[in-house]
Number of protein chains: 2
Amino acid sequence: MSQANDEYIREESMDDLWNVWYTELHQGKSGLTFKIDRVLESTKSEFQRIEVVETLEFGKALVLYGSLMVAEGDTGAYNEMISHVPLFSHPKPDEILIIGGGDCGCLTNVLMHPEVKRCTMCEIDKMVVEVSKKHFPKLTAGLADPRANLLFEDGKKFIETTDKKFDIVLLDLSDPIGPAADLFQKTFHESVYDRLNDDGIMVAQSESPLFNPHTIKAMYANLKKIFPIVRMYTCLMPIYPSCYWSFAFCSKKYDPIDDFDASRCEATDLSACEYYNKDIHLSAFALPQYVKKLVE
Amino acid sequence: MSQANDEYIREESMDDLWNVWYTELHQGKSGLTFKIDRVLESTKSEFQRIEVVETLEFGKALVLYGSLMVAEGDTGAYNEMISHVPLFSHPKPDEILIIGGGDCGCLTNVLMHPEVKRCTMCEIDKMVVEVSKKHFPKLTAGLADPRANLLFEDGKKFIETTDKKFDIVLLDLSDPIGPAADLFQKTFHESVYDRLNDDGIMVAQSESPLFNPHTIKAMYANLKKIFPIVRMYTCLMPIYPSCYWSFAFCSKKYDPIDDFDASRCEATDLSACEYYNKDIHLSAFALPQYVKKLVE
């Protein structure tokens with residue numbers, strides 16, 4: 001007998017009924033799951049869906065195109081590693097370009113370096129910056145810096161048409177599906193190479209060493225055809241698939257270990273960093289056996 | 001109107017209906033979730049529940065006391081790091097003792113070292129070894145080695161009553177709840193200290209740097225009262241909470257970096273290792289800022 005129309009008394013409070021979990025699966029086989037306290041934003045820009053959720057584990061988190069990008073309590077590893085490793089490997093990092101990087105965490109870390117004259121950030125989706133500014137004040141602190149130069153345009157088009165040159169270009173992209181897909185291709189990396197000064201460095205996020213071996217193999221093989229120095233480094237990132245992330249350090253001249261400026265690293269105010277330090281810089285290029293095989 | 005007794009046609013095959021996921025939560029806030037193809041064992045020993053599940057992501061996996069312990073495809077990081085780091089830091093690792101370690105992965109890695117004369121493994125729960133032997137032939141390969149000396153007894157009792165001394169003692173324990181709880185206490189570590197030779201090394205698994213900061217702070221503070229050299233090292237472990245795990249290297253004499261025997265490492269057949277190598281050994285002691293704060 002159906003009880004659908006019967007009256008009854010709920011014994012739970014309404015709070016107990018908010019059982020929303022954000023789960024990010026890898027090929028339907030495994031995943032990371034986070035209990036959500038509230039959904040703070042759920043919108044759609046011209047380019048992608050944008051969500052901000054309040055997780056119990058890591059605080060507020062930004063979700064782009066269905067992937068967790070950054071969270072208040074994520075240890076900062078990704079944004080610190082993509083920026084400080086190349087910045088302390090280049091003796092004169094004047095002109096920096098970030099492609100992507102809408103959450104502004106990379107920008108904020110780059111601008112911790114007093115040597116930087118200008119940090120241009122070319123992000124296709126203005127709404128990501130607006131949402132980040134609203135919800136992540138610490139992450140977006142760099143926006144207030146007069147050296148920050150924001151462009152809201154297509155990174156590929158910008159790289160192919162600008163006549164400017166840069167000391168360091170950082171590819172702070174979402175996954176190679178969606179709006180960032182073209183920016184993982186060899187032709188794009190060649191265009192970046194052309195926009196770098198003769199001693200320039202490019203760093204690109206290069207996905208999970210555990211879950212994206214095919215992407216990594218293809219990507220590094222291509223990068224080695226373009227740059228004389230290509231080295232992978234990794235970090236622990238608790239909100240990304242497999243909690244393990246990699247970066248391609250691609251350089252015309254400087255080596256990230258031999259040319260690491262330890263004394264400048266010690267003299268720079270990195271008190272806001274939760275992950276990066278000198279030891280981490282020097283050890284991040286050591287790769288487990290199963291990762292070595294992908295890039296050697 | 002209820003349809004419970006109506007006939008209908010299912011459009012899925014029965015295979016599609018096996019939607020079993022193994023999910024391990026951290027304080028109800030976040031978790032790792034794995035799709036399960038089959039449950040191969042589900043039993044209970046005198047001490048704990050024991051399960052073997054076939055995951056789609058990492059193959060067969062052993063679950064003890066509700067925690068994932070090891071999986072065929074887990075990269076081997078945990079077992080390789082708990083064993084090779086101390087073994088290559090000690091110039092004459094003759095007598096090794098493992099407390100716990102029922103899946104035998106640690107034993108198998110220790111016995112890759114031809115220098116080892118005997119590896120005693122003191123595991124309280126015989127059924128864990130039996131289940132592991134049945135399902136994980138590669139992991140348990142060391143059991144066939146004549147240098148393997150298995151004891152099925154309480155590790156605490158053994159340490160407190162044996163008159164033997166060891167060069168290296170490895171505490172390969174499950175979490176500090178359940179059967180292993182006592183083996184995380186200071187009095188137990190003091191007893192281990194007494195059973196080590198004058199140049200002995202103890203390594204203890206010391207939980208997740210991200211999720212167990214209180215355990216780690218207390219544990220390292222106590223260990224430093226016992227051993228002159230106490231250093232944390234970490235690895236990426238994709239089936240453990242936060243995918244990030246730590247080990248306490250506790251030593252009477254040898255330092256894991258200064259006394260690392262690189263040439264012996266290169267001469268040893270480590271072809272079965274998927275994670276450990278010389279670079280990883282030397283870099284594993286570099287700690288992110290947020291972890292440094294816990295142990296300094």
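In this predicted model, Ser30(A) stands opposite Phe34(B), a residue of strand 2 of chain B.

The contact between the chains takes in 34 residues of chain B and 35 residues of chain A. On the chain B side, at least two residues each come from strand 1 (20-26), strand 2 (30-44), helix 8 (278-283) and helix 9 (289-295). Strand 2 of chain B gives the most, with six residues.

Chain B superposes on chain A by a rotation of 180° with 0.0 Å of shift along the axis, at an RMSD of 0.0 Å. This is the relation of a two-fold axis. The same surface serves both copies, as 100% of the contact residues of chain B recur in chain A.

Within chain A there are two domains, domain 1 (14-71) and domain 2 (77-295). Their centres, taken over C-alpha atoms, are separated by 24 Å. Domain 1 of chain A brings 21 residues to the contact, and domain 2 of chain A brings 19 residues. On the domain 1 side, strands 1 (20-26), 2 (30-44), 3 (49-55), 4 (59-64) and 5 (67-71) of chain A each give two or more residues. The largest share, five residues, comes from strand 5 of chain A.

The make-up of two contact sides by class is as follows.

| Chain B, touching chain A | 17 nonpolar residues | 12 polar residues | five charged residues |

Key: Residues are numbered from 1 along each chain as its sequence is written. Chains are lettered from A and ligands numbered from 1 in the order in which they are written. This is a predicted model: local features need pLDDT of at least 70, side-chain atom pairs count only at pLDDT 80 or more; totals for chains, interfaces and linings use all residues. Copies are superposed by least squares on the C-alpha atoms of residues with pLDDT of at least 70 in both. Two residues are in contact if their C-beta atoms, placed from the backbone, lie within 7 Å. Domain bounds come from an automatic or database domain assignment. Helices (H or I, at least four residues) and strands (E, at least two) are DSSP runs, numbered from the N terminus. Ala, Val, Leu, Ile, Met, Phe, Trp, Tyr, Cys and Pro count as nonpolar, Asp, Glu, Lys and Arg as charged, and the others, Gly among them, as polar. Two strands pair if DSSP finds at least two bridges between them.
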